[in-house]
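Biologist: I'd like to learn how to read a structure like this one. Can we go through it feature by feature?

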Amino acid sequence: MTDTKFKTLVQKYMTKWRRKLRLEDWRIKLVLVKENYATRHGESGVVYGSTEVNFELKSAIIKIAEPGTDVAAMCELEATVVHELLHLHFDLYPWGEDATRDRLMEQTVDCLALCLVKSDNPRWVDPRSNI
């Protein structure tokens, strides 16, 4: 997929889900990056996005990793966008103070993102699912 097509697809998902999640009043800067975030905060596995939130200003920077030839990343792209947008609703505490709480919040946000994408498109299949 070309950079232009990828950016257009991510923008389409951002517009769609900002409206659905009622985040249209937020200023969100979207940054597309070439690498994933697997090493961020010592996380294991592959992380396709990250979000920096400023609640006082209702602004955020959302970074989405370009999938390159990673088929799983392409399949999860919409869920990744939803996941990162959900952080604008749920990241109300400082990260890094409690690893267990951080992990539980990530799992919760991820679960909600997957459920929302699946409910919006019943034919969508989570590439991580064994079902």
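Modeller: In the hairpin of S2 and S3, with 4 residues between the strands, Lys58 takes a positive phi near 50 degrees. Helices (H or I, at least four residues) and strands (E, at least two) are DSSP runs, numbered from the N terminus. Keep in mind that this is a predicted model: local features need pLDDT of at least 70, side-chain atom pairs count only at pLDDT 80 or more, and totals for chains, interfaces and linings use all residues. Residues are numbered from 1 along each chain as its sequence is written, and side-chain values use heavy atoms, with hydrogens and water left out.

Biologist: Where does Lys58 lie, and is Lys58 buried or exposed, or something in between?

Modeller: Most residues other than glycine have a negative phi, and most peptide bonds are trans. Lys58 is in the loop between S2 and S3, and its phi is positive although it isn't glycine. Lys58 is partly exposed, with a relative accessible area of 33%. Buried means under 20% relative accessible area, exposed over 50%, and partly exposed in between (1.4 Å probe, protein chains only). Arg22 also has a positive phi, near 55 degrees. Arg22 sits in the loop between H1 and S1, and with a relative accessible area of 72% it is exposed.

Biologist: How many helices and strands are there in the chain?

Modeller: The chain has 4 helices and 3 strands. Buried residues account for 38% of the 131 residues.

Biologist: In what order do the strands form the sheet?

Modeller: Strands of a sheet pair through backbone hydrogen bonds, either parallel or antiparallel. Here, the 3 strands make an open sheet in the order S1-S3-S2, with mixed pairing. Two strands pair if DSSP finds at least two bridges between them. S1 and S2 are at the edges with a single partner strand each, so one side of each has no neighbour in the sheet. On average, neighbouring strands are turned by 15 degrees against each other, direction ignored.

Biologist: Which strands run parallel, and which antiparallel?

Modeller: S2 (residues 49-54) and S3 (residues 59-65) run antiparallel and are joined by 6 bridges. In that pair, Val53 stands opposite Ala60 of S3. S1 and S3 run parallel, joined by 7 bridges, and Leu30 faces Ile62 in S3.

Biologist: What does Ile28 touch?

Modeller: Ile28 is in strand S1 (residues 27-33). Not counting residues up to four places away in sequence, Ile28 touches Met14, Arg18, Ala60, Ile62, Leu85 and Leu88. Contact means heavy atoms within 4.5 Å. Ile28 is buried, at a relative accessible area of 17%. Ile28 and Ala60 are 32 residues apart along the chain, yet their C-alpha atoms are separated by 4.8 Å.

Biologist: And how do I read two packed helices? At what angle do H1 and H3 cross?

Modeller: Two packed helices are described by the angle between their axes and the distance between the axes. The axes of H1 (residues 3-20) and H3 (residues 77-90) come within 10 Å and cross at roughly 50 degrees. That makes H1 oblique to H3. Axes are lines fitted to C-alpha atoms, for helices over the stretch in contact, and angles run from 0 to 180 degrees between N-to-C directions. Angles under 35 degrees count as roughly parallel, over 145 as roughly antiparallel, 65 to 115 as roughly perpendicular and the rest as oblique.

Biologist: Which residues meet there?

Modeller: Phe6, Leu9 and Trp17 are among those of H1, and they meet a set in H3 including Val81 and Leu85. The residues of this H1 and H3 contact divide into 10 nonpolar, no polar and 3 charged. Ala, Val, Leu, Ile, Met, Phe, Trp, Tyr, Cys and Pro count as nonpolar, Asp, Glu, Lys and Arg as charged, and the others, Gly among them, as polar.

Biologist: How do H3 and H4 cross?

Modeller: The axes of H3 and H4 (residues 99-120) come within 8 Å and cross at roughly 125 degrees. H3 and H4 are therefore oblique to each other. Their contact includes Leu86 and Phe90 of H3 and Val109 and Leu116 of H4. By class, this contact of H3 with H4 has 11 nonpolar, 2 polar and 4 charged residues.
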